[in-house]
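Student: Hi! Could we go through the aromatic rings in this one together?
Tutor: Happy to, let's bring it up.

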Amino acid sequence: MNCVYILHSIKLNRFYIGYTSDFDARIEFHKNAESHKFTANAEDWVLFLKIPCENRTQGLNIENLIKYPRHNYQTQRKI
């Protein structure tokens, strides 16, 4: 199922925002992330929010709106 998800780490006091078509596989990837990946910096990631999406395009659009709200707001104002 396509979804946008937000993980939170208390250790880093940071959020991670992502999109996936296979949530369970993606979470496993984060749990076993290689050292150069952002989520490898903490082991306490918990699911903060999961948004189901109808398709990849919708998911990537939602992810983009969450990650870059200022950019999207400025783009909308120009219309």
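This is a predicted model: local features need pLDDT of at least 70, side-chain atom pairs count only at pLDDT 80 or more; totals for chains, interfaces and linings use all residues.

Student: Where do Tyr-5 and Tyr-16 lie?
Tutor: Tyr-5 is in strand β1 (residues 3-9) and Tyr-16 is in strand β2 (residues 14-20), so the pair ties together parts eleven residues apart in sequence.

Student: And is Tyr-5 buried or exposed?
Tutor: Tyr-5 is buried, at a relative accessible area of 0%. Tyr-16 is buried too, with 19%, and the cut-off for buried is under 20%.

Student: OK, what about Phe-15 and Phe-48, how are their planes set?
Tutor: Their planes are at 70° and the ring centres 5.0 Å apart, so that pair is edge-to-face. Phe-15 belongs to strand β2 and Phe-48 to strand β3 (residues 46-52), so the parts tied together are 33 residues apart in sequence. Phe-15 counts as partly exposed at 40% relative accessibility, while Phe-48 is exposed at 54%.

Student: Which residues do ring pairs link into a cluster?
Tutor: The cluster is made of Tyr-5, Tyr-16, Phe-23, Phe-38 and Trp-45.

Student: Switching topic: which ring does the charged end of Lys-50 sit over?
Tutor: That would be the ring of Phe-23, with the charged end of Lys-50 at 4.1 Å from the ring centre.

Definitions and conventions
Residues are numbered from 1 along each chain as its sequence is written. Side-chain values use heavy atoms; hydrogens and water are left out. Helices (H or I, at least four residues) and strands (E, at least two) are DSSP runs, numbered from the N terminus. Buried means under 20% relative accessible area, exposed over 50%, partly exposed in between (1.4 Å probe, protein chains only). Rings of Phe, Tyr and Trp (its six-membered ring) pair if their centres lie within 6.5 Å; planes under 30 degrees apart count as stacked, over 60 as edge-to-face and the rest as tilted. A charge sits over a ring if NZ of Lys or CZ of Arg is within 6 Å of the ring centre and within 35 degrees of the ring normal.
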